[in-house]
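I opened the notebook with the model on screen.

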Amino acid sequence: MSLPGPRELVPRGYAALVKLGRVIAATGVRMRTTAVAVLALALAIAAAGVVVVLLLEESLDRSVTESARSTGRQVAIQLVREGARDLSASDVASTGDTEAVTQVLNARGRPIASDPAIVGHPPLTGTRPPVGQEAIETLPLGLNGDSADYRVVSQQVNGPGGPYTVISARSLEPVTEASTRLTLLLGLIAVPLLAISGLAVYRAVGSALRPVERMRRTVAEISTRDLAARVPLPPGGDEVHRLAVTLNEMLGRLASAQAAQRRFVADASHELRSPLSTISTALDVSGRHPESAQDLVPVIARETARLRELVDDLLMLARTDDTTDRPSRTEVDLDDIVRAEAERVRGECALDVEVRAGPAKVRGSEAQLRRAVRNLVDNARGHARSHIRVASSVRGGLAVVEVSDDGPGVEEPDRERIFERFVRLDASRQRGHGGTGLGLPIVAGIAARHGGRARYAESDEPGARFLLELPVLELPEEE
């Protein structure tokens with residue numbers, strides 16, 4: 001039974017490693033990383049082993065060829081000097097076995113001298129090289145039932161009674177055995193090396209993932225009612241440290257969002273409770289004193305209208321917060337909306353309304369954009385003393401709607417806060433003047449959904465100045 005050669009062992013080992021990699025690929029990160037590291041090391045060892053074995057085979061192959069050539073050359077020198085008359089069996093004898101044999105043929109191609117191991121054997125090869133040249137072949141000679149290949153070197157020389165053909169053959173079985181033993185030795189060395197490397201990588205990855213596991217446990221223990229806890233920061237500035245920082249920032253944002261949601265619910269409850277309490281009280285009084293029911297109807301109607309306005313604003317805010325809501329988007333002329341809202345205000349109050357509607361076209365929801373402009377105009381009407389200015393234009397690739405009034409304006413510390421929900425400044429706490437506190441937040445939400453923003457702008461004139469900035473659809477031609 002012959003041992004498999006290196007060219008057979010390497011593909012088998014590679015196939016086994018590939019199957020092992022597929023099995024481990026379904027496990028966790030730690031096992032996958034370890035498997036990839038071991039597989040990469042195994043492939044590197046296999047490649048290095050193949051190179052070493054091939055170099056050894058090449059070196060031994062050259063040695064066998066040179067040995068066969070040297071043996072044949074000694075016999076050829078004697079033939080050139082003395083011919084085959086004095087050639088004895090000891091002159092062509094090698095080790096007495098079939099690993100190295102020599103044979104001399106006469107001009108007719110018949111053996112005239114052979115190694116004792118192949119006496120009576122027909123010519124080892126039929127190749128007859130020209131005089132002074134040699135032929136090198138690898139042939140299965142089948143000596144004594146041996147199936148090993150032989151390196152056969154044939155050379156033809158002239159001598160007394162010649163020409164003669166000297167055939168020297170050496171078995172390649174030692175080369176195969178040496179490469180096989182080396183392959184097995186490398187495999188035996190690779191097994192503990194891979195095991196040690198796999199254990200080292202497994203422990204190293206476990207140590208690297210230990211902070212991640214602590215972060216996971218910490219996050220798992222954080223409840224939705226209390227987002228004050230934070231994950232521990234591991235030492236160093238590596239990826240795990242940055243992950244912990246990112247998780248803490250995310251928890252901070254969630255805590256802020258939760259606090260804002262709680263404030264919103266509390267403020268909404270308070271705002272809804274006020275008109276409902278008024279309506280309930282009016283109904284109770286009218287029930288006990290029917291004669292006063294007629295006088296309470298305007299109160300109930302006013303509070304009902306306020307309640308309806310508050311509910312509409314809450315629904316609009318919910319739509320602006322809902323990222324899954326996709327209203328239809330069309331081409332919208334902001335200048336048409338500006339003109340329409342200015343005409344509406346002129347018909348509802350005695351204020352001086354100035355309109356400068358320059359061409360400004362955007363893409364978006366016309367109903368939402370009309371609501372945003374209306375909220376800005378209504379806010380200006382509620383604070384203006386005598387004058388409102390509404391304008392639209394295009395500046396630097398942005399469609400801008402500007403709404404200003406000559407009222408008291410907004411102090412600098414409050415210019416960002418007024419876009420928060422249910423915020424009414426101290427001068428506007430009265431219900432009839434301050435509104436629901438949702439008008440400007442709705443404007444900011446609609447602007448954000450359309451890729452723009454709403455902001456308070458500085459003004460050289462007294463009063464407040466608000467800007468609604470949106471990406472322009474197309475730049476109009478300048479007059």
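I began with a definition: the expected span of a helix is 1.5 Å times one less than its number of residues. The model is a predicted one.

**Helix 8**

I applied that rule to helix 8, residues 366-383. Its 18 residues should span 26 Å at 1.5 Å a residue, and I found the end C-alpha atoms 26 Å apart, so the two values agree. Next I asked which residues of helix 8 are buried. I listed Q368, L369, A372, V373, N375, L376, V377, N379 and A380.

**Whole chain**

I then stepped back to the protein chain. I counted 10 helices and 12 strands. The chain has 479 residues, and 36% of them count as buried. I looked up the accessible surface, which comes to about 27300 Å². Carbon and sulfur atoms account for 55% of that surface. I also checked contacts between residues at least 6 apart in sequence: 62% of these join residues at least 24 apart.

I traced an open sheet of 5 strands in the order 2-1-5-4-3. Its pairing is antiparallel. Which strands stand at the edges? I found strand 2 (111-114) and strand 3 (134-140), each pairing on one side only. Neighbouring strands are turned by 20° against each other on average, direction ignored.

Strand 4 (residues 149-157) and strand 5 (residues 164-171) run antiparallel and share 8 bridges. In this pairing I saw Y150 opposite S171 of strand 5.

What packs on the sheet? I noted helix 2, residues 29-82. Helix 2 touches strand 1 (100-105), strand 3, strand 4 and strand 5. The direction of helix 2 makes about 30° with that of strand 4.

Is V75 buried or exposed? Its relative accessible area is 4%, and buried means under 20%, so V75 is buried. I also took a distance from V75 to T102. The two are 27 residues apart in sequence, and their C-alpha atoms are 8.8 Å apart in space.

I moved on to an open sheet of 5 strands in the order 7-9-10-12-11, where the pairing is mixed. Strand 7 (352-357) and strand 11 (453-456) are at the edges. Each has a single partner strand, so one side of each lacks a neighbour in the sheet. The twist averages 15° from one strand to the next.

I went through the pairs in turn. Strand 7 runs parallel to strand 9 (residues 387-395), with 6 bridges between them. Here A357 has S392 of strand 9 as its bridge partner. Strand 9 and strand 10 run antiparallel and are joined by 8 bridges. V394 stands opposite A399 of strand 10. I looked at the hairpin of these two strands, which has 2 residues between them. G396 takes a positive phi near 55° there.

I stayed with strand 10. Strand 10 also pairs with strand 12, in the antiparallel sense over 7 bridges. The bridge partner of L398 in strand 12 is P471. How many residues of strand 10 are buried? I got 7 of 8, so noted here as mostly covered.

My last entry was helix 7, residues 334-348. Helix 7 lies across strand 7, strand 9, strand 10 (398-405) and strand 12 (465-471). I read its direction as about 170° to strand 7.

Technical notes. Residues numbered from 1 in each chain as written. Predicted model: local features only at pLDDT ≥ 70, side-chain atom pairs only at ≥ 80, totals over all residues. Heavy atoms only, no water. Pairing = 2+ DSSP bridges. Helix = DSSP H or I, 4+ residues; strand = E, 2+ residues; numbered from the N terminus. Axes fitted to C-alpha atoms, helices over the stretch in contact; angles between N-to-C directions. Contact = heavy atoms within 4.5 Å. Buried < 20%, exposed > 50% of the residue type's maximum accessible area, 1.4 Å probe, protein only. Areas by Shrake-Rupley, 256 points an atom, 1.4 Å probe, with all protein chains shown as cover.
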